[in-house]
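Okay, thanks everyone for coming. Let me put the structure up and then walk you through a few parts of it.

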2 protein chains.
Amino acid sequence: DGRRRVVIERVKPEIDAGRFAIKRVVGDAVQVEADVFADGHDAVACVLLWRSLGTDRWSEIEMEPLGNDRWRGAFPVEQLGLYHYTVEGWVDRFRTWRKDLVTRIEANQNIEIELIIGAQLIEAAAQRAAGADRKELLEAARQLAQGPVDRRSSRALEAELAALVHRYPDRSLAVRYERELPVRAERERARFSSWYEFFPRSTAGAAGRHGTFADCEKRLEYVASMGFDVVYLPPIHPIGQSYRKGPNNSLTPGPDDPGSPWAIGSAEGGHTAIHPQLGTMADFERLVARARALRMEIALDVALQCTPDHPYVKEHPSWFRHRPDGTIQYAENPPKKYQDIYPLDFESDDWEGLWNELKRVVLFWIEHGVRIFRVDNPHTKAFPFWEWLISEVQAQHADVIFLSEAFTRPKVMYRLAKLGFTQSYTYFAWRNTKEELTAYFTELTQTEVREYFRPNLWPNTPDILTEYLQFGGRPAFVGRLVLAATLGASYGIYGPAFELGDNAPRSPGSEEYLDSEKYQIRSWQLDNPWSLRELITRINRIRHDSPALQQDAGLRFYPTDNPMILCYSKSSSDLSSVVLVVVNLDVNHTQAGWIHLDLDALGMHAGAPFQVHDELGDGRYLWQGARNYVELNPHTLPAHVFRLRRRVRTERDFDYYL
Amino acid sequence: DGRRRVVIERVKPEIDAGRFAIKRVVGDAVQVEADVFADGHDAVACVLLWRSLGTDRWSEIEMEPLGNDRWRGAFPVEQLGLYHYTVEGWVDRFRTWRKDLVTRIEANQNIEIELIIGAQLIEAAAQRAAGADRKELLEAARQLAQGPVDRRSSRALEAELAALVHRYPDRSLAVRYERELPVRAERERARFSSWYEFFPRSTAGAAGRHGTFADCEKRLEYVASMGFDVVYLPPIHPIGQSYRKGPNNSLTPGPDDPGSPWAIGSAEGGHTAIHPQLGTMADFERLVARARALRMEIALDVALQCTPDHPYVKEHPSWFRHRPDGTIQYAENPPKKYQDIYPLDFESDDWEGLWNELKRVVLFWIEHGVRIFRVDNPHTKAFPFWEWLISEVQAQHADVIFLSEAFTRPKVMYRLAKLGFTQSYTYFAWRNTKEELTAYFTELTQTEVREYFRPNLWPNTPDILTEYLQFGGRPAFVGRLVLAATLGASYGIYGPAFELGDNAPRSPGSEEYLDSEKYQIRSWQLDNPWSLRELITRINRIRHDSPALQQDAGLRFYPTDNPMILCYSKSSSDLSSVVLVVVNLDVNHTQAGWIHLDLDALGMHAGAPFQVHDELGDGRYLWQGARNYVELNPHTLPAHVFRLRRRVRTERDFDYYL
């Protein structure tokens with residue numbers, strides 16, 4: 001119908017023309033903007049439409065004009081799963097008429113005919129109404145059509161009448177935006193989570209003894225006491241014998257060397273089996289329950305690769321690539337060879353069989369109580385597989401969370417996030433300078449990326465002991481902890497290596513740990529006085545008490561006059577929670593300088609003094625204005641994590657700070 | 001098929017997910033970029049595909065990697081009309097194998113099996129080849145499979161072999177981008193045009209006598225002598241009698257007052273009739289032919305509105321909106337009333353009849369030789385109508401050009417351009433300061449807008465005599481002329497008012513001309529010595545000689561240390577044509593300052609001196625380095641239009657500048 005005159009363009013957010021969903025958590029509002037306009041000078045009206053998957057009926061809310069033909073509306077996501085939204089607009093003849101009528105009256109024009117036109121519009125609205133509204137509209141139409149002009153025109157301009165007519169718009173020529181855009185609503189843990197990774201076999205306490213799930217239960221209390229909510233365990237499956245690696249990745253293991261947990265599969269089973277030395281399935285389920293009792297969750301590792309001893313190798317040889325000499329192709333990154341690992345071949349003729357089996361594996365662990373999966377190297381498996389797997393699993397279990405462990409090229413990482421991974425590892429570990437951190441986190445939080453990529457920041461992992469940590473001593477560990485826990489609503493540490501300050505590399509220039517737990521059992525002295533345990537506990541408590549730190553969109557950096565001083569704030573969208581962070585990035589020297597805040601953005605008045613309360617170090621400072629002085633000694637505490645407190649004047653002239 | 005592993009994203013250019021075409025002219029290359037990548041470390045290959053409308057077969061060209069998973073390719077548009085393009089990519093197993101082989105050889109690994117694998121890949125390529133290529137590939141496969149390893153590996157690494165295999169890729173699992181993106185290829189005039197508008201009835205020379213098409217023929221020579229290529233005539237149709245406007249828009253015309261040409265329609269006919277005082281259809285056709293002989297084109301005005309006397313009013317009353325008192329709704333912009341104009345109602349029940357008639361009008365004038373239309377106020381007619389009309393007309397006559405005269409909100413102007421208008425009027429007339437000009441032309445030429453919105457810059461029109469021209473004297477006219485003609489590949493002036501410096505407004509604060517030609521016949525003293533005719537001739541010659549000025553994408557602004565000095569360059573994409581413009585925006589005082597060029601962007605070497613030759617004022621200056629001094633007296637000439645000339649050292653040690 002060529003009479004549909006309204007245009008709807010530039011709907012935001014919209015990822016790749018609606019090909020991918022934006023991400024939210026239940027309870028969030030989805031704020032949508034669009035350009036909506038018509039030819040000429042007629043007023044338009046528009047609504048934001050939304051519905052959850054499986055619902056036929058759209059809900060709708062009127063959008064508000066922002067000026068320059070831009071409109072905004074918001075809707076809440078109230079349950080897990082997929083939603084869709086779109087926009088509809090139409091020419092609003094009554095509003096146009098009313099706007100013009102005001103002008104005509106001001107210009108003292110004869111409005112006799114205009115009032116008749118208005119009466120007709122109201123009459124038409126009455127035909128779309130029912131009950132009392134219809135009756136009132138019909139009455140109003142009559143009142144506009146006859147009687148003294150003064151009385152008719154004041155009736156015509158009544159705000160209540162406009163509101164009533166507005167409830168029965170003529171949408172016969174309404175235009176619907178051409179796409180329905182998806183939102184995936186997940187649970188809060190998708191947005192805000194504190195992770196702790198440890199090796200189950202290193203929990204026995206006594207050096208050399210293989211830890212069990214029962215030992216892990218005890219370790220959970222230690223982890224819970226620091227305020228973490230996700231405990232991520234490296235693979236818990238039987239470990240292969242063929243080409244097993246010894247300590248420090250050597251090719252000559254001793255008979256008692258346990259091998260790498262990522263070398264999955266032996267005669268004892270594969271991805272749905274448990275390594276016998278850890279315990280039984282019943283032990284595992286008890287561990288899951290214990291975590292839950294401590295308000296934590298167990299996250300398992302999904303590492304889709306097999307040792308030569310994995311049952312799949314015999315049962316499904318077609319899932320592997322074969323070489324002309326009849327052998328199976330092991331993993332390689334030429335010139336490196338990983339003969340202990342057979343990659344799965346996602347170009348297998350039986351790719352559907354492979355996909356279904358891998359889905360079965362994930363559903364198996366879901367049945368045993370797991371709801372969070374950390375996925376190992378997803379970027380070396382086919383993208384369509386992940387998109388299918390995650391959507392299949394979440395269709396049945398909308399609360400399941402997948403963390404993508406892809407340290408690879410940026411577009412690959414973003415694609416994995418778009419196609420469904422709930423959270424993603426990042427380049428954080430290698431972003432150390434003020435420029436690097438500012439640029440990277442601006443990209444992650446202030447561009448479209450934030451709609452689909454949820455960063456999870458790790459200062460260390462079993463594969464990553466950065467140079468900064470190797471050489472920076474305690475100030476480096478503290479600084480990186482504060483950055484991870486405040487720049488990221490989700491962060492994690494690999495412990496106890498982290499809190500105990502393990503910083504010895506396998507060799508100079510290597511990011512591998514010396515005597516890495518990947519290849520041997522370690523025992524850790526948890527009560528070492530060096531431990532950052534208390535600091536971690538404190539920062540996790542601050543995170544829990546500060547909605548500002550539980551999301552990433554409200555990040556803002558501020559200029560400082562010292563390149564070693566990084567300053568940023570996080571704020572909840574209503575500014576009810578604001579946290580200001582200042583970090584000295586220099587691990588060796590005290591650094592001082594002036595920071596330049598944006599008081600408006602922080603919700604502070606330029607004229608009034610305010611108190612900043614360092615919830616990390618407990619200091620309190622009285623500041624006023626945008627420019628303020630900071631000085632941080634890395635050997636004491638290299639960071640401030642401030643709460644901003646406005647001054648409140650009481651009746652008795654006694655000031656305190658909110 | 002889940003084995004299709006390649007991802008294709010962020011294809012650029014792409015307007016609104018392919019909803020609208022980008023614009024090019026025949027002879028242009030369409031440069032396309034895309035993110036193309038796969039999981040893991042396999043090499044990928046990709047091609048840019050394109051075809052013209054009505055062709056089934058895609059042409060293709062290999063895309064080149066730019067790094068960071070970004071690829072680029074280009075294709076030429078060689079004929080008028082619509083093209084489509086898309087991107088296809090696949091995992092390149094041979095290239096992956098070859099890359100790995102080099103690494104393995106460098107690491108002294110046993111490559112026996114690898115060579116067999118390579119032989120198999122080449123054998124498979126042979127199956128996709130034919131003739132001599134197939135034979136050579138089969139032979140190469142044999143050579144790789146047997147013999148001394150040294151000879152086999154050097155054969156394997158031959159570049160010619162790689163190139164040959166590359167011609168027969170395995171595209172069985174190739175991925176095609178999900179959209180085919182449109183390009184509209186138009187003729188060169190769509191991109192580069194110099195317009196001159198005049199009122200046919202003011203060409204008689206003698207005051208008061210109504211000009212004819214025969215008089216216009218003489219005027220064409222004058223216009224052609226200045227180097228214009230499009231002559232735009234306000235409406236040439238019969239003018240209504242009802243509510244006719246008198247001089248200066250008065251409501252009390254005398255019996256001989258000619259009325260406004262935009263008040264279209266009388267007993268003598270409507271949009272396909274010619275105002276009798278101008279001449280006959282034969283006269284008009286002779287005018288069109290005369291213009292063509294002078295290498296110019298006549299552009300007609302499409303003003304879709306009717307006077308109460310227009311034949312449509314009686315023949316198609318349903319095309320107008322009726323009021324409750326039985327009268328037809330005249331045009332209004334409350335409180336203003338335009339009783340001489342009835343707008344067409346695009347919400348008419350007979351909208352299809354209306355659309356078809358308006359298309360007939362345009363086709364009528366095309367049949368009489370017109371190929372360029374300037375459309376009056378397109379923003380007050382329905383968008384779907386324009387999209388349909390332009391696409392219907394261009395499907396039959398791909399050389400037809402439509403210029404949108406919409407001075408309205410930015411999104412409305414952009415939408416009209418997207419839906420098909422070839423060129424668009426702009427806000428140029430009201431952009432006077434350095435900041436305004438820089439921001440606006442950066443938006444028009446350095447953002448996605450440039451793909452669909454072709455600006456046409458007018459310093460004046462019969463409706464627009466800006467304050468800057470009213471008060472700026474000759475420097476204002478010269479400055480605005482230089483800006484229009486160099487910032488815009490398309491520009492126009494309304495003459496002779498412009499070149500004769502007419503700057504008297506109807507009243508203080510008004511942008512209307514005093515004694516405007518819209519309402520009365522004027523006679524102009526074309527040989528007035530004040531005239532800018534010669535300067536216009538010179539600037540049009542510079543435009544003709546400089547490919548840099550014939551497109552808008554190559555615009556770049558440079559910092560200057562004086563807010564009154566604006567400096568920018570235009571360059572052809574290969575830098576073979578570069579024009580540097582410096583304008584003093586202050587119409588009263590000499591301004592001087594330092595400009596800071598980007599020599600790389602200009603294709604100049606930082607170390608070598610270069611000559612700048614002012615083709616407007618004829619001065620020549622020897623410059624060196626990025627910072628250079630300029631000084632412009634507005635009363636002499638307020639602008640430089642420099643050609644940059646590199647120094648060439650000859651064998652005889654005699655330098656000159658290219």
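So, look at D301(A): it stands opposite R374(A), which belongs to β18(A). This is a predicted model, by the way, so keep that in mind as we go. The two strands behind that spot are β13, residues 297-302 of chain A, and β18, residues 372-376 of chain A, and they pair in the parallel sense over 4 bridges.

Now zoom out. What do the strands β13 and β18 of chain A belong to? They're part of a closed barrel of 8 strands, and if you trace it around you go β11-β12-β13-β18-β19-β20-β21-β22, with parallel pairing. From one strand to the next, the twist averages 30°.

Chain A has an open sheet too. Here 4 strands line up in the order β1-β3-β7-β6, and the pairing is antiparallel. Which strands stand at the edges? Those are β1 (7-12) and β6 (64-67) of chain A; each has a single partner strand, so one side of each is left without a neighbour in the sheet. The twist in this sheet averages 35° from one strand to the next.

Inside that sheet, have a look at β3, residues 29-37 of chain A, and β7, residues 70-76 of chain A. They run antiparallel, and 7 bridges join them. If you want one pair to click on, take D35(A), whose bridge partner in β7(A) is R70(A).

Okay, helices. In chain A, α2 (residues 112-128) packs with α3 (residues 131-145) at an angle of about 170°, and the axes are 8 Å apart. That angle makes α2(A) roughly antiparallel to α3(A). As for handedness, their crossing is left-handed. On the α2(A) side the contact includes L115(A), I116(A), A119(A) and I122(A), and on the α3(A) side it includes L137(A), L138(A), A141(A) and L144(A). Sort the contact by class and you get 12 nonpolar, 2 polar and 2 charged residues.

Last stop: the two chains together. How many residues of chain A are in contact with chain B? It's 60, and they meet 59 residues of chain B.

Methods: Residues numbered from 1 in each chain as written. Chains lettered and ligands numbered in written order. Predicted model: local features only at pLDDT ≥ 70, side-chain atom pairs only at ≥ 80, totals over all residues. Heavy atoms only, no water. Axes fitted to C-alpha atoms, helices over the stretch in contact; angles between N-to-C directions. Parallel < 35°, antiparallel > 145°, perpendicular 65-115°, else oblique. Left-handed = near helix turned anticlockwise from the far one by under 90°. Contact = heavy atoms within 4.5 Å. Nonpolar A, V, L, I, M, F, W, Y, C, P; charged D, E, K, R; others polar. Pairing = 2+ DSSP bridges.
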